[in-house]
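Morning, everyone. I have one structure to walk through today, so let me put it on the screen.

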Amino acid sequence: MCDLHDQHEHPSATPEAPEVAGLSRRRIMQLLGAAGVTTAALATGADPVLAASADDSPDTYRAPTGLAQDSPAKSAALRWIDDRADRITGLNAEIWENAELSLREWKSSLAEAAFLERAGFHVEFGTAGFPTAFTATYSHGSGGPVLGFSGEYDALPGLSQRRGVGHHDPLEYVHDPFAPGYGPGHGCGHSALGAASAAAAAAVARAAATHGLPVTVKFFGSTAEETLIGKTYAVSRGVYDGLDAFLDWHPSTANATGWGTTSAMTAVTFTFLGVAGHGGTPLGNKSALDAAVMMATMSEFLREENLAASGRLHWVINKGGDIPNVTPEIAEISYYVREGSPARVQVLLDKVIAVSEAAAKASQTAVRHRVTSACWNQLPSKAFAELAHDNMRQIGPPAFTPEAQQLARELQESLGLPQQGMHTAVAPLAAPNPVFLGGNSTDVADVSWNVPTVSLAAALAPIGTKMHTWSTASCAAAAPGQAAVLTAAKYLAATAVDLITQPERLKAIKDEFAQRTRDVEWRTALPEGYEPPMYEPPAWFLEETGQSWPPENITWPPRRIVSQEKFSSLGPELPPQT
């Protein structure tokens with residue numbers, strides 16, 4: 001899902017291509033606008049969200065310098081990170097070892113909260129009703145800006161991998177004779193994400209206190225980024241109200257930032273209900289799995305004529321039966337539907353829903369669907385990206401050891417990639433592509449429409465690899481990841497200090513935000529009456545965090561899904577043949 005976070009790359013970090021036949025790369029992309037969503041004038045009248053996300057920077061754009069300013073407070077914040085490097089990397093390693101899935105990050109959330117409490121933050125669990133979400137707050141003085149930091153700590157299913165090993169070697173292997181598999185792992189590097197963000201928040205708070213700078217620092221420990229649930233719902237509940245700026249980072253294969261947008265997305269699960277029966281006497285049975293397979297097949301036919309280059313449609317059958325000789329009575333297939341804006345997502349989603357209804361009719365089953373999450377595309381902030389990039393440029397890339405580079409090359413060899421190692425530069429800041437061709441989604445996007453937001457990346461995985469892979473899990477708490485954690489913390493802390501010491505920078509960022517959002521009223525993409533999915537926490541976790549169960553915003557236990565379908569009729573009985 002982050003899913004930022006399928007690929008977690010910043011398109012604006014791509015260097016400009018040379019001119020071809022007198023046409024610049026930007027002009028070529030504009031002429032190819034029909035292939036994707038044109039984020040400039042062509043989209044302005046039709047979709048105000050796309051218009052707000054548009055960029056009109058010239059082909060000759062060059063990133064400004066001199067925005068990031070040295071200050072005693074900034075030096076103190078960076079020194080705080082250096083002095084506590086072992087604690088910060090230790091937090092990353094602890095969360096990596098836990099490898100807890102979305103909505104169940106019991107130990108990981110506690111570890112991150114404890115780190116911040118030790119730095120003087122006040123922590124409250126149960127943000128927006130989520131047991132493993134928390135808000136940590138540090139205030140010094142009055143009248144200063146309110147700065148938010150993004151923390152995540154959920155792992156991904158099936159991506160278990162031994163730390164620092166250059167070939168696929170799952171740390172947790174599921175020894176099931178009928179369904180072998182792998183345990184969860186940090187294949188998106190969220191162990192590092194949360195650790196670096198927490199370190200940056202603490203460093204800024206301590207530096208502000210030392211140098212008498214008024215500020216309120218808020219760290220948002222967010223659950224379930226990989227399913228894009230945590231922040232999208234929390235934003236709809238007003239959790240991020242009152243912030244002046246929000247700072248976000250994500251592990252990547254490059255050190256970069258930018259002001260391109262992301263894909264809006266709706267996650268939806270379709271449940272088909274049939275009638276079970278013996279596979280040896282199948283007449284009259286109704287296979288819910290048949291319905292799910294038909295839906296999957298038919299939805300693939302949307303690609304040629306209904307899926308623009310800016311769209312993405314991917315699915316997984318997450319329940320399809322248990323044993324071949326029992327016709328599956330219940331089957332579920334989940335889709336991620338992505339496009340350039342919420343309005344475009346809805347158009348594509350309606351077509352996917354129509355496919356589900358056709359599959360149900362053809363298979364004589366019943367179907368229902370539920371939206372599990374939905375987010376907007378991210379609102380860019382050029383001024384914020386420029387300030388962050390100038391700080392990144394001054395701080396430099398992560399200091400990768402020979403051990404880190406060796407692991408990177410081993411992983412690249414295992415994956416059939418050129419052995420280029422880790423990215424050892426800060427990518428130039430460049431204008432985003434004028435045509436949006438789709439990509440990752442993030443629940444940070446909904447935050448960005450409510451408060452000015454910057455997202456940046458630090459190299460944690462080898463060049464050419466991807467997020468959501470076992471190779472990233474190998475790196476996340478090994479030498480590459482530990483170098484990235486410390487550098488990312490510095491990127492965030494330095495940028496945040498500039499917002500405190502240079503109020504004119506914060507004003508420029510807020511002015512741009514007001515200009516971009518003047519014609520757009522953000523409304524959650526979640527459906528009316530939405531209740532977020534949750535798991536009941538263990539008793540020890542509720543006691544330690546001072547929570548009760550269930551929270552007020554969900555129905556518990558959830559409504560059961562039970563098939564009431566009838567066997568299929570085969571018509572009148574045939575007379576015996578004599």
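I will go through a sheet, a cavity, a pocket and a few backbone details.

One caution first: this is a predicted model.

Now look at one strand pair. E3 covers residues 134-140, and E7 covers residues 215-222. The two run antiparallel. How many bridges join them? Seven.

Is Thr135 buried or exposed? Buried means under 20% relative accessible area. Thr135 comes in at 15%, so it counts as buried. What does Thr135 touch, leaving out residues up to four places away in sequence? The list is His122, Val123, Glu124, Thr127, Lys218, Phe219 and Phe220. Take His122 from that list. His122 and Thr135 are 13 residues apart in sequence. C-alpha to C-alpha, the two are 8.1 Å apart in space.

On to the second largest cavity. Its volume is about 60 Å³. The lining has 13 residues. Closest to the centre are Thr127, Ala133, Gly221, Ser222 and Tyr240. Which elements give two or more residues to that lining? E3, E7 and helix H8, residues 230-236. By class, the cavity lining has six nonpolar, six polar and one charged residues.

Then the second largest pocket. Here the volume is about 390 Å³. The pocket is lined by 24 residues. Pro342, Ala343, Trp376, Thr524 and Ala525 lie nearest its centre. Four elements to note: helix H3 at 48-52, strand E10 at 264-273, helix H11 at 342-363 and strand E13 at 366-375. Each supplies at least two residues of the pocket lining. Which element gives the most? H11 does, with six residues. By class, the pocket lining has 16 nonpolar, four polar and four charged residues.

Last, the backbone. Leu228 has phi of about 55°. Leu228 is found in the loop between E7 and H8. With a relative accessible area of 0%, Leu228 is buried. Gln364 has phi near 60°. Its place is in the loop between H11 and E13. Is Gln364 buried or partly exposed? Partly exposed, with a relative accessible area of 43%.

Finally, cis peptide bonds. The bond from Trp549 to Pro550 is cis, with omega near 0°. The bond from Trp556 to Pro557 is cis too, with omega near -5°. Where do these prolines lie? Pro550 is found in the segment after helix H18, residues 539-545. Pro557 also has its place in the segment after H18.

That is the tour. Questions, please.

How values were computed: Residues are numbered from 1 along each chain as its sequence is written. This is a predicted model: local features need pLDDT of at least 70, side-chain atom pairs count only at pLDDT 80 or more; totals for chains, interfaces and linings use all residues. Side-chain values use heavy atoms; hydrogens and water are left out. Two strands pair if DSSP finds at least two bridges between them. On a 1 Å grid over the protein atoms alone, a cavity is a set of points where a 1.4 Å probe fits but cannot get out, and a pocket is an open set with protein on both sides within 12 Å along at least five of seven lines; lining residues have an atom within 4 Å of a point. Grid points are joined across faces, edges and corners, and a volume is the space filled by probe spheres set on the points. Ala, Val, Leu, Ile, Met, Phe, Trp, Tyr, Cys and Pro count as nonpolar, Asp, Glu, Lys and Arg as charged, and the others, Gly among them, as polar. Buried means under 20% relative accessible area, exposed over 50%, partly exposed in between (1.4 Å probe, protein chains only). Contact means heavy atoms within 4.5 Å.
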